[in-house]
Amino acid sequence: MTGTEIKALDAQNVMQTYGRFDAVIERGEGATLYSPEGKQYIDFTSGIGVNSIGYGNKKWVDAITAQAMKLQHISNLYYSEPYVKLAEQLASRTGMKNVFFSNAGGEANEGMIKLARKYSFDKYGRGRSTIISLIQSFHGRTITTLSATGQESFHNFFFPFTEGFKHVAANEIECLENELTDDVCAVMIELIQGEGGVLPLDSEYVKAVADLCASKDVLVLVDEIQTGVGRTGTLFAFQQYGIKPDVISFAKGIAGGLPMGGIIANEKCSKVLTPGTHATTFGGNPVSAAGALEVLRQLDDAALEEVTKKGEYIRNTIKGWNKSAVGEIRGKGLMIGVSMKGVLPKDAAQACVDNGLLMLTAGADALRMLPPLTISYEEMDKGLEILKSVL
Ligand SMILES: *Cc1c(COP(=O)(O)O)cnc(C)c1O
């Protein structure tokens, strides 16, 4: 099919819920994508942080192909090898205790919220179920994770929303202290708010949150759906913040492009979800798990160090341009936000796409880059050259 035919079928048959950029993608290699007509795009998005080890990654393709030939799915009524190996990797590389697998981020956060409320219910009974999250956060699109999301624009249309969520300003510990009443069971944070604008939390603030919560047996829930799986230069971002969360959620980049998500709990929270209290049909899917195992195998210490270096390379290059449209440069590793001055991020991103560079936006003011972690310096240079000319 041609790009024009594909767009026409989308318009006729697909609910128009996405503000898509004007680009049709057919295939990819490394961090470079091609339209059906052969137009080339450098990918600074990895499908919103999903294709963590790029396109046409031979070992990853081999791993998922071999698994699909053996067994594509078996329900969670039975045991199988891929998910147990993956859970072992995730537990040992985080120093946490055990894992529940879901299929995407919103669903992972639902599990994390359920776990937090049940932890408190089991120990303290009813009435200690409030979860505090941060203004400008994003936690998903289900009715409950929309409640958790601290951006007013998401609290519309779908009333009634799930009760029991409060939002406080990020990086202001007094605000949290004031809201940490006896009905609170957990605090839920992104260490770098992704959708909200690539806004990192201060290290001191995060440590103070962890201490305050620990003193009241309030759980610290870290949404690592965007920051996790090597994105910020460590396997998970919390490993750079010097805290030990009670539960973290992951999704996006974990399986290298296949749907998978989940939560990892520490010892204290490892036995809260018991038989019958939580489940999902596809959770821990063997093909996704095989893909995830290969992603984790490739994200060794050397590869993670490269993520940090590449992130610095992109940041330093942009800093060196002295362009009037460039404001703050934010983020860690290959999670980069560049605030725009006098230009709408959406317009800048579309101009990038028109010129052969896929680019994301974040919050009201920023362009956001989440390239495949395996992107080459040559591809980064090509992409940066396009960005420079657009700016
Ligand atoms: C993307 C994202 C989600 C939602 O994940 P889905 O897979 O789209 O459900 C939740 N939290 C954060 C921080 C995200 O970046």
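## Basis

The model is predicted: local features need pLDDT of at least 70 and side-chain atom pairs count only at pLDDT 80 or more, while totals for chains, interfaces and linings use all residues. Residues are numbered from 1 along each chain as its sequence is written, and side-chain values use heavy atoms, with hydrogens and water left out.

## Overall form

The protein has 13 helices and 17 strands; these are DSSP runs, helices being H or I of at least four residues and strands E of at least two, numbered from the N terminus. Its radius of gyration is 21 Å, close to the 21 Å that the globule rule gives for 391 residues, so the protein is as compact as a globular protein of that length. The radius is taken over C-alpha atoms, and the rule is 2.2 Å times the number of residues to the power 0.38.

Of the 391 residues, 51% count as buried, meaning under 20% relative accessible area with a 1.4 Å probe, protein chains only. Among contacts (heavy atoms within 4.5 Å) between residues at least 6 apart in sequence, 72% join residues at least 24 apart.

## Helix α12

Helix α12 spans residues 345–354, and its buried residues are P345, A348, A349, C352 and V353. They cover an arc of only 140° around the axis, which puts them on the same side of α12; the arc is that of the directions from the helix axis to the C-beta atoms.

After α12 comes G356, with a positive phi near 95°.

Note on methods: Buried means under 20% relative accessible area, exposed over 50%, partly exposed in between (1.4 Å probe, protein chains only).
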